Amino acid sequence: MLYLCATPIGNLEDMTFRAIRILREVNLIAAEDTRRTRKLLTHFEIHTPLIRFDENCKEIVAEKILSRLLAGESVAVVSDAGLPAISDPGAELVRLAIDAGIKICPIPGANAALSALICSGLDTSKFLFAGFAPKTKKNRREFFEKFSTFEETIIFYEAPHRLKNFLEELAEVFGDREAVLARELTKIHEEFLRGKISELIKNLDEPRGEFVVLIEGNKNSPPPEGNFLEFYQKLLEQGLDKKDAMRETAKKFNMSRREIYNKVIGYRL
Ligand code: SAM
């Protein structure tokens, strides 16, 4: 059996009874950071052998893990915090294990995205987990544009030193929507900052700690393509130049000007 085992995202009391038992019982624990995990294991008096399993060595270690699983042993994967395979190593190993006919078992527990979502006050009935945005500005913009018309609450992870920049670029594409910053979840300085993106930016001095960013979905449901093109065409007929017509269309349909531009070019208008 391959176990995907959650660990706390801050507060050690979030370790589950089952996680402790499974981590004691398995033959091997594959950990993203063995030093960090060793501290956790010491705290809970778990003495199972550890192997490093991070981005740099995942292919070689995955092979080792698979051969032990195929030999009938059980292995648990843990990441630094929260659920393995969620913005953390583990997903590829799961795929390989499934292909090799090995059983997979979740050991649920703490997760930053869902903990933030349930306390956000935003719509929890439909949401999209977007994880970390790409590092380069161009890719990040394209990434945001992909999500800007979605009606679901969108959840991002972001590092504190990139947060302000991230929010500024997000607002350029999404408009000034309601957002929530969930900071240091389950830790002493846990807090939820709620407001328009622009207000959050204004109130952020030097962000410290870990953050989940949640953005309200697009409340103006995406218009059928025809409508938006018709609207744009009408503005041109009324005598607006292309730039102004694009700006007005973007405003009306709550889309970024770049999105409108791309679509307009697509339709050769
Ligand atoms: N696997 C983890 C999970 O299940 O949530 C996520 C790991 S990902 C590498 C780390 C990111 O998760 C951080 O940069 C931050 O965005 C978010 N995060 C993790 N712990 C957090 C916490 N205690 N409070 C707020 N955000 C947290």
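## Helix α4 and its cover

In this predicted model, the buried residues of α4 are covered by elements that include β1 (2–5), α3 (58–70), β4 (75–78) and β5 (104–107). Those buried residues are L93, V94 and A97, in a helix that spans residues 91–99. Viewed down the axis of α4, they fall within an arc of 100°, so they line one face of the helix. An α-helix has 3.6 residues a turn, so residues three or four places apart point the same way.

After α4 comes G101, which has a positive phi, near 80°.

## Ligand site

There are 19 residues around the ligand, of which L83, N111, Y157, L185 and F211 come nearest. N111 places a polar side-chain atom 2.8 Å from an oxygen atom of the ligand. The ligand taken alone exposes 580 Å², and the protein buries 90% of that.

## Residue Y157

Y157 belongs to strand β7, residues 153–158. Its relative accessibility is 9%, and because buried means under 20%, Y157 counts as buried.

Beyond its neighbours within four places in sequence, Y157 contacts several residues, among them N111, A112, F129, F132 and F211. The C-alpha atoms of Y157 and F132 are separated by 4.9 Å, although the two residues are 25 apart along the chain. The side chain of Y157 also reaches the backbone nitrogen of A113, at 3.1 Å.

Technical notes:
Residues are numbered from 1 along each chain as its sequence is written. This is a predicted model: local features need pLDDT of at least 70, side-chain atom pairs count only at pLDDT 80 or more; totals for chains, interfaces and linings use all residues. Side-chain values use heavy atoms; hydrogens and water are left out. Buried means under 20% relative accessible area, exposed over 50%, partly exposed in between (1.4 Å probe, protein chains only). Helices (H or I, at least four residues) and strands (E, at least two) are DSSP runs, numbered from the N terminus. The arc is that of the directions from the helix axis to the C-beta atoms. Contact means heavy atoms within 4.5 Å. A residue is near a molecule or strand if one of its heavy atoms lies within 4 Å of it. A polar contact is a pair of N or O atoms within 3.5 Å; within protein, one must be able to donate a hydrogen and the other to accept it, and residues adjacent in sequence count only if both atoms are side-chain atoms. Accessible areas come from the Shrake-Rupley method with a 1.4 Å probe; for residues, only the protein chains shown count as cover.
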